[in-house]
Amino acid sequence: MKKILLLLLVSFTIGANAQNSCGNPYSLCTSFSYPATVGTSSGPGASYGCLSSTPNPTWFYTQVTTAGTLQYGISSTNNLDADFICFGPFSVMNLACVQIDTSNIVDCSFSPNVVDTCTIPGAVVGAYYLIMVTNFTNQAGIITIQSLPSIGSACAHFEGIRGTVFNDNNANCVYEPTDSFLRNIPVEEYDNLGNFLGLSYQSSYGSVKMPYRFYNDTGAYTLKIDTTNMPFVAQCMYPGLDSLVTLTTAMPLDTNVNFNITCKPGFDLAAHSIYRSGWVFPGMSHTVRVTAGNMVQQFYNLNCSTNVGGQVIINLSGPVAYLSTLSTIQPTSVLGNSITYNIADFSTVDIYDDFWIAVTTNTNATIGDTVCVDVSVIAAGDNNLANNQKHYCYPVTNSYDPNMKETYPENVMPGYNDWFYYTIHFQNTGNAQAHNIALTDTLSNQLDVSTFERINYSHDNTTTLSGSVLQFNFNSINLPDSTSNSSGSKGYVQYRVKPKTNLAAGTVINNTAYIYFDYNAPIVTNTSHNTYMMITGIKENVNNEFALFPNPTTGMITITSKILVTAMNIAVYNVVGDMVHENKTTQSKTQLDLSYLSNGVYFVKVSLAKGKAATYKLVIQK
C-alpha cells in the first residue's frame, strides 16, 4: 500500500548491537519513525493471518496503562507498501514471541490504503501487545507508527537493562567494538531485597552481537557475575562483578551495564559435558560427544594462554562397545571400553569435536538397561580439580523421538542435593528450512532456579531465565529439514540445575519442554521425571531374596536373586544421596565393576519389577 509520512516523528538510530526482532522489539509509546528494513528474506506466513509472507519485518511492543480500545496509525515515505499484524494480549513479555499463533491475532492488514489503522479492542491494563510492520516493496524510506486518540492508553514505559560481557583488549575499562564479546557467562539479576529474579546469557549470530537483556519495570536491581570456581575474574573496579541499576519513569532503560572479564592466573581444565545422540537400541550404533579440555578459549571466548598437557580418559560401562572415533585426533590407547587421549597441548584441542566417539549397543542388551559414561581430565597444577570428572548415564530404549527431553539422574536417594542434568533434543522434520527456533521450559518449583547453568548447545542462542520460566532463542539458525540434510537438521541444548534442599522421599520433579519451529504450533516433549526413592530400610549382607558379596570389596561385587528375574534394577549411591552407578539386567546373577569409585561407604539398592527390593551398605576398600 502507498503511505504518507505523518507529521509527528520521533527519530532514532538502530544500534549495531541491538538487532530488532520479535525477541528484541522496539518500545512504543507515542510515535516512532525509523528507516525501513530492506533486504531481509520473507519468513513463512502460517501464523500471520492476512499476511502470506513477512518481508523486512520490524517489531514493536507496548503495555496497556488504561483500559479500552487502542489505535495506531501506520504510514511511510517513498510509496512504501507497509503492512502490519498485531498479537496479544500477553501476560509475560519474555514469553510473547513463543506464544504467537493465529488465536491471538488482534488486527491485521494487507490493504492498499494510504494510511492504515491498527485497532486493539478492549485492551486490559497490564497486558502486552506485539505489532509487526513489514516493508513489502523492499525499498528504502521512513515508516512511522503513531499512537492515535483512543479510549485506552498504552506505553512501553519501561525498557529494562541491557549490557555486554566482554574482555577489554586495550585495558581502558570501556566496552568498544574491537573488544572480545564473551559467551556462556551468565548475568544474574536480583531485586533490592536480594531475591533472585533470573539470569541472561548473551550470544552472537555471525557478525550480529546480542547482548544480555532483562525486561524490567521501574525499581532498583542488582546485576552480578559469579566467578566462584570459574576460570575468570573481573578486570576493572567498576562495575566489577556487580552493579546497582535504578530504573525510573524518566530513565526506563540502561543499556550500558557492561562487565569486563579476564583470565584468572593459572589454568582450569574440565570435563564439562556429555551428550549422546541417536537411537540406543540393541545392535545399533549411536554417538557420544564429550566436551572437555581448556574451556576458557572456545567456551568463553577468552584468549588465555594455557600451554599445558595431560590426559582425557573416557570409560564406558553397560551393554555397549566402543566402535570408533569421529574426530580428527586418534586415541592414544583403547583397552576395551576405556579410551585414553594423551594431549601434549590442550590449547590445540577442539573441546567440542575432538572427543567424539561412536559406540554400538550390544545385541543382547535389554530395553531399560543403563549405559554410563565416565570422563576424567588429568593435568598437574589445575586450579580447580572439582570439575575434572563427569559421570552420565542413559537407558537403552525401544523407540526414538527426535524432539524429546531427557534427564539424569532419574532416581535419587532422599537428601540428594547435587545437579540434575537436562537435555532438550530437537530436529526439523518439516519440509523446509526452519529460520528461528525457540524452546521454553517452566522449571519445577522443587528446583533451585538460582543454580541454573547452561552447559552445552548445538547452535548459538540467547538464554534467559525469568523467575522459573526458561527460554532458549535460536535466532537465524536456518536449520535444514531432515529430508534434505538429516544430520544437519538436529540440535540440542543442555543445562543443569540443583534441587531445593530437604526434598522428601517420594518427591517427583516433572519438567516438560515446548519446541517452536518459526511460528508453528509448539511440539510438546515428553515429561521428564526425577524421583526421590522410598527407602524402607537398610539390610546388610543377609536377605531372603538377594545376596551381595564380597563386602567390603576392592571394586568387584556380585549380586544374586533367588527370585526369577524379569527385570532387576541396581542403583549405587554415595553417602550424600548422589547416584554414582546404575545398572539394569534380566539375569538372576550379575557382576558390577565399581573399581572406578573412591574408597568409602556406598548404598546399593536392588529392586525387581515385581516390587521386591533391598538396600545394602557397601564398603569399598582398595
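Q: Why does Asp-353 count as partly exposed?
A: Its relative accessibility is 31%. Buried means under 20% relative accessible area, exposed over 50%, and partly exposed in between (1.4 Å probe, protein chains only). So Asp-353 counts as partly exposed. This is a predicted model, where local features need pLDDT of at least 70 and side-chain atom pairs count only at pLDDT 80 or more, while totals for chains, interfaces and linings use all residues. Residues are numbered from 1 along each chain as its sequence is written, and side-chain values use heavy atoms, with hydrogens and water left out.

Q: What makes Asp-353 and Arg-289 a salt bridge?
A: The closest N and O atoms of the two residues are 2.4 Å apart. A salt bridge is a side-chain nitrogen of Lys or Arg within 4 Å of a carboxyl oxygen of Asp or Glu. The Asp-353 and Arg-289 pair therefore forms one.

Q: Why does this pair tie together parts that are apart in sequence?
A: Asp-353 lies in the loop between β29 (338-343) and β30 (356-361), and Arg-289 in strand β25 (residues 285-294), so the parts tied together are 64 residues apart in sequence. Strands (E, at least two residues) are DSSP runs, numbered from the N terminus.

Q: Is Arg-289 buried or exposed?
A: Arg-289 has a relative accessible area of 17%, so this residue is buried.

Q: How do you know that Arg-289 lies over the face of Trp-356?
A: Arg-289 is at 3.8 Å from the ring centre. A charge sits over a ring if NZ of Lys or CZ of Arg is within 6 Å of the ring centre and within 35 degrees of the ring normal. Arg-289 is listed as lying over the face of Trp-356. Lys-224 lies over the face of Tyr-190, at 4.8 Å from the ring centre.

Q: How many salt bridges does the structure hold?
A: There are four salt bridges. One of them joins the side chains of Arg-276 and Glu-406 (3.4 Å, N to O). Arg-276 is in strand β24 and Glu-406 in strand β33 (residues 404-408), 130 residues apart. Both Arg-276 and Glu-406 are buried.

Q: What makes Glu-453 and Arg-496 a salt bridge?
A: Their side chains meet at 3.3 Å, N to O. Glu-453 lies in strand β37 (residues 447-457) and Arg-496 in strand β40, so the pair ties together parts that are 43 residues apart in sequence. At 28% relative accessibility, Glu-453 counts as partly exposed. Arg-496, at 15%, counts as buried.

Q: How many aromatic pairs does the structure hold?
A: The structure holds 24 aromatic pairs.

Q: Why is the pair of Phe-32 and Tyr-34 called tilted?
A: The ring centres of Phe-32 and Tyr-34 are 6.3 Å apart, with planes at 55°. Rings of Phe, Tyr and Trp (its six-membered ring) pair if their centres lie within 6.5 Å; planes under 30 degrees apart count as stacked, over 60 as edge-to-face and the rest as tilted. So the pair is tilted. Both Phe-32 and Tyr-34 are buried. Ring pairs link Tyr-26, Phe-32, Tyr-34 and Phe-60 into a cluster.

Definitions and conventions:
Helix = DSSP H or I, 4+ residues; strand = E, 2+ residues; numbered from the N terminus.
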